[in-house]
Amino acid sequence: MPDANLRFPPGFLWGAATAAYQIEGAAREDGRTPSIWDAFSHTPGKVLGGDTGDVACDHYHRWREDVRLLADLGLKAYRFSVSWPRVQPTGRGPAARRGLDFYRALVDELLAHGITPMVTLYHWDLPQELESGLPGGGPAGGGWPERDTAERFAEYAGIVAGALGDRVELWTTLNEPWCSAFLGYGSGVHAPGRTDPAAALRAAHHLNLAHGLGARALRAALPARARIGVSLNPSAVRPLTSSPADLDARRRIDALANRVFTGPMLRGAYDDDLLADTARVTDWAFVRDGDLDVTRQPLDFLGINYYSPAVVSAASPSGAPRHDGHGGGDHSPWPGADSLVSFHRAPGELTAMDWPVDPTGLKDLLLEYTAQAPGVPLYVTENGAAYDDKPEGGAVHDPDRVRYLHGHLSAVHAAIREGADVRGYFLWSLMDNFEWAYGYSKRFGAVYVDYETQRRTPKSSARWYAKVAASGELPRAVAEG
Ligand code: FCB
C-alpha cells in the first residue's frame, strides 16, 4: 500500500524540548546565583538586542500552564534541563531546597499528566563562580578548561539524582558539549565568550570527563531502571567534492566536531589524527591516566540533536573560513583547522537562522551512530527550525515549520526502516524562547510566545505535530492540520 501513512514503532516517545536558561526567567529568585549566560548576556554587545534570560518565558512561574500545553497537545514526553545555579548556588556546597522543589513539582505535574520527563543536567548554564572564581581568595574557577569543573559537575549530578531519582527514568548528562567547548572558549559567541583555541580543547576534554564522572554519579544514586545518556550535536559533514583535499577537510572537521566526543565516550580514546591535527595548539597533557576509562561509561541511549548539514572543502576563496551555525564571530571554533578548511552552504531552502533544510543529514547520522554504537538505542533529542512567525487574527500559521518537521520525521522513519533503533523524537522547541546569541529574535517554538504578555498560542505546526503524536503515524504527504 504505497500511499499508507508512515507508522512509527509502538511506544515511540513523541516529545518536545526546552532548556532552563532559555525559558525559566526568575534569574534572581529563590537563591539562584548567576550562570555564565547571565554574565554573558548582560555584557553589552554579546547578545543581539541586548536580550537576556532574566524573564525569558517566565516558565519558573508559569510551569503549570506549560505542562498543560504539553498535555493539550497530547505529547508523551518532555525534555527539560535543570539550572545548576538554581539547585546548587555558586556550583559548590549545599543544595538549594527551593530550587530542587521547583523541579520536583514540575516532574510531579508531568507525571500526573502521563508525560515522561527527560532531564538534561547541563544545558550550558555553568554557575558563574565556577568560571570566574569566588571573590576574596576562594576557589579559583576557570570554567570547563579546568579539571575541577568536571568534579563539581559530578557532585551536582549526585544532588539532582538524589532529588529526582525516584521519579525520573531518562537522564542525559550534557547537551551539545561541542557548543560549550568550541563556541564558549573558541569562537567566543557563546558564554563565557573566551577566544582561546587551547582552552577550547581543554574544555572539550573536561566536558568528556564531566560526562563520565556525572554518568557514574547518576548510576550510583539512581535505581536500576534509570536510563542514562548524553545529547550530542554530531555534524553531518560532507565534502564539497571527492578530491583527496576535500576528503581530508571532511576528516578534520569530523574529528573536531564529532570524534573529539564520541572517541572518549564510545571508544575510550582520542583518535591519532585529532591529536596530530591539533598538536600545534596543545600537547593534550591535561589528559591524565585513567581519564579515558572514566569518559567511556556504558550508555543506555545516545541523544542526537540535528538541524542542518555542513559542507566543507580544503581552504578555498569561494568558501567561508568558518561556520558554526550559532552566530559568526571573528574567531574560529575549529582549533588547528581554521586556515585549512572552508565551509560552503549546503543546498536547500533556508530557515530564519539561514540553516539549509536537509533531512537526509538526520537519516545519515542515525544510521551512522547505529553503526558506531551497536545496541545503544537512539533518541532525537532536538530537531526543529526557526521561522519568522507572526500572529494574525489570534492564530499563527507556520507551514514552513510543518514542512520541516514532516521532512525530518520522514527521515527518522526511513532510518528506523533501515535498522536504526530510534526510540523517540523531541521537537525543538515546545515554545519560542531565548535563542542564545540571537536573543528573542529567532522563534523555534511549536507554541508562539508573546513576550509582552507571556501569552502562549499554539502555532499550526503544534496542531499538526499533535495529530502525528496521537496517531503515531506520519502522513506521506504534507498537509497542514
Ligand atoms: C541547539 C541548542 C538549543 C537551541 C537549538 C536551536 O544547538 O541545544 O538550545 O539553541 O540549537
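## Sorting the residues

Ala, Val, Leu, Ile, Met, Phe, Trp, Tyr, Cys and Pro count as nonpolar, Asp, Glu, Lys and Arg as charged, and the others, Gly among them, as polar.

## About the model

This is a predicted model, in which local features need pLDDT of at least 70 and side-chain atom pairs count only at pLDDT 80 or more, while totals for chains, interfaces and linings use all residues. Numbering starts from 1 along each chain as its sequence is written, and side-chain values use heavy atoms, with hydrogens and water left out.

## Around the ligand

Let's look at the ligand's surroundings.

For Asn175, the corresponding distance is 2.9 Å. The protein buries 99% of the 290 Å² that the ligand exposes when taken alone (accessible areas by the Shrake-Rupley method with a 1.4 Å probe).

## Two helices that cross

Now for a pair of helices (DSSP runs of H or I, at least four residues, numbered from the N terminus). Helix α9 spans residues 197-221 and helix α10 spans residues 244-267; their axes come within 10 Å and cross at roughly 35°. These axes are lines fitted to C-alpha atoms over the stretch in contact, with angles running from 0 to 180 degrees between N-to-C directions.

Which residues of α9 and α10 make the contact? Leu201, Ala204, Asn208 and His211 come from α9, and Leu256, Val260, Phe261, Pro264 and Met265 from α10, with contact meaning heavy atoms within 4.5 Å. The residues of this contact comprise 7 nonpolar, 2 polar and no charged.

Terms used. Polar contact = N/O pair within 3.5 Å; in protein donor to acceptor, adjacent residues only side chain to side chain.
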